[in-house]
Every structure is written in structure tokens, then in C-alpha cells.
Amino acid sequence: MRIKHYIVIICLVVVTVTVASLFSSQKKSSDLRKEPKETETIITDIKKEKNKIGAESLLAPPIENALSRITTKTFGTHVSPKNSPVSPERFTGYHTGVDFETFAEEQNTDVLVYAICTGKLVINEFGRGYGGMAVESCELDDSQIIAVYGHIRITSVTVKVGEIINKGEKLAVLGTGYGRETDGERKHLHLGIHKGSAIDTRGYVADKDQLLNWINVEDYL
């Protein structure tokens, strides 16, 4: 009787182990069938996030740490000699561009300016209110634009008028503040973008409605 009893116990153990092993195998097989789909979803999400983070801006930054430098005159700021974020102020009107300021430690060093798009240099000369001024003709969103870089050292411009400069390439350096290179203004970069192919280098317009002909640089950086 004892032998039969032990045989029954052994058989029950074997059956239990076998059933447990079979259930575990089926669960693993089920998990494996689910894994590719779950893994594919995770990979897709990672790719989406990577594209979101690493998406290239339509315009290249015109200066290092560009966005952190926009602290004084933004697009559309209205100024006058009596009401301006800078002093003294010589102009009156709505600001057509964005001013990128320089830091205290950069006043006696060269500060590089980069081409925001690939296009042709059409002007490199002194302009009223700017001192040194470079103008580039290029495209944005498949539309023609004119980019105005103000307060630069014209002798530092890297291409000749009529030549092509590529997006992100060095264009020039900023002019020395409060001198001829900046037409007496502080050392900073004024960047304005005008719609179309007509060259308009105004830094200010009298009416707010006229800003519709200009583009806010910040929207594309």
C-alpha cells in the first residue's frame, strides 16, 4: 500500500509540474507575439520625439545664442525719442526687425554673424542708421525674401555682391559700437526680413499695417 501511495504522489507531482511548465510556455509565447507590436510602438514614439527635438529650423541662427540676445527691441516694437528701450533714440516708428544684443565681454571682440539662408548677396555698403549693412536675397517657405543685416563691419563680409552664401556660413562680424561701423549705435545686430524681391532696408515703418510686409525672424529660428 505504501508503494502505491508513493507512486500516486509522484504521478501528481509530475502532472502538476508538466501543467505549470505548459502554462508558462504558452504565456511566454503569447508575450512574444505581443512584443513586436509593443516594441514597434515604442520605436515609433522615439522617432517622433527625435524628429520633434532635432527638427531643423527654416532659418539658421544669425548669431550664437541668438534667442537669448533678443532683450531690447523685438519685431514690431514702437519707439520714439521720448519712448524707447534704448537711449538716446534717433528714430520713430515700428521696428521692422529683431535686435540681437551683445554681451559686456563681447564689446572688444569680434562677434560672428551667419547667413540665415542660402542666397545671393545683393548689397554690402554703408546705410543710414545701420553703418555697415549687408542684404541677402533668398527664399523662405518657397517664397522670395530679402534679409537685411545691420550694424556689421562691411570689410569683414565673406562674399562679394552677386555671389552665393550658404545657410549657416559666416557672413561677417559686427561693427564696433558707437562708431562709423554702426552709425553711432550700440554694438548689436539688426536683422529684418522683407517679403518679396523688392529691396527695402527700412529699420522702422510709420504705420503698424506696414509690418505686414515684414516677417518676424523669431518665428523661424
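A disulfide is a pair of cysteine sulfur atoms within 2.5 Å. Keep that cut-off at hand for these exercises on a predicted model.

**Exercise 1.** Find which cysteines form a disulfide, and work out its handedness.

*Solution.* 
- Step 1: Searching the whole structure turns up one disulfide.
- Step 2: The sulfur atoms of C117 and C138 are 2.0 Å apart, and the cut-off is 2.5 Å, so this pair forms a disulfide.
- Step 3: Now place the two ends. C117 sits in the loop between β4 (112–114) and β5 (119–127), while C138 belongs to strand β6 (residues 131–140).
- Step 4: Turn to the torsion. About the S-S bond it is about -55 degrees, so the disulfide is left-handed.

**Exercise 2.** Decide whether C117, C138 and T182 are buried or exposed, then list the contacts of T182.

*Solution.* 
- Step 1: Buried means under 20% relative accessible area.
- Step 2: C117 has 3%, so C117 is buried. C138 is also at 3% and counts as buried.
- Step 3: T182, in the loop between β9 (170–173) and β10 (188–195), has 0% and is therefore buried.
- Step 4: Set aside neighbours within four places in sequence; T182 then contacts G129, Y130, G131, H151, G175, T176 and G177.

**Exercise 3.** Work out which strands stand at the edges of the open three-stranded sheet.

*Solution.* 
- Step 1: The strand order is β1-β2-β11, paired antiparallel.
- Step 2: β1 (78–79) and β11 (204–205) each have a single partner strand, so they stand at the edges.

Conventions: Residues are numbered from 1 along each chain as its sequence is written. This is a predicted model: local features need pLDDT of at least 70, side-chain atom pairs count only at pLDDT 80 or more; totals for chains, interfaces and linings use all residues. Side-chain values use heavy atoms; hydrogens and water are left out. Helices (H or I, at least four residues) and strands (E, at least two) are DSSP runs, numbered from the N terminus. Buried means under 20% relative accessible area, exposed over 50%, partly exposed in between (1.4 Å probe, protein chains only). Contact means heavy atoms within 4.5 Å. Two strands pair if DSSP finds at least two bridges between them.
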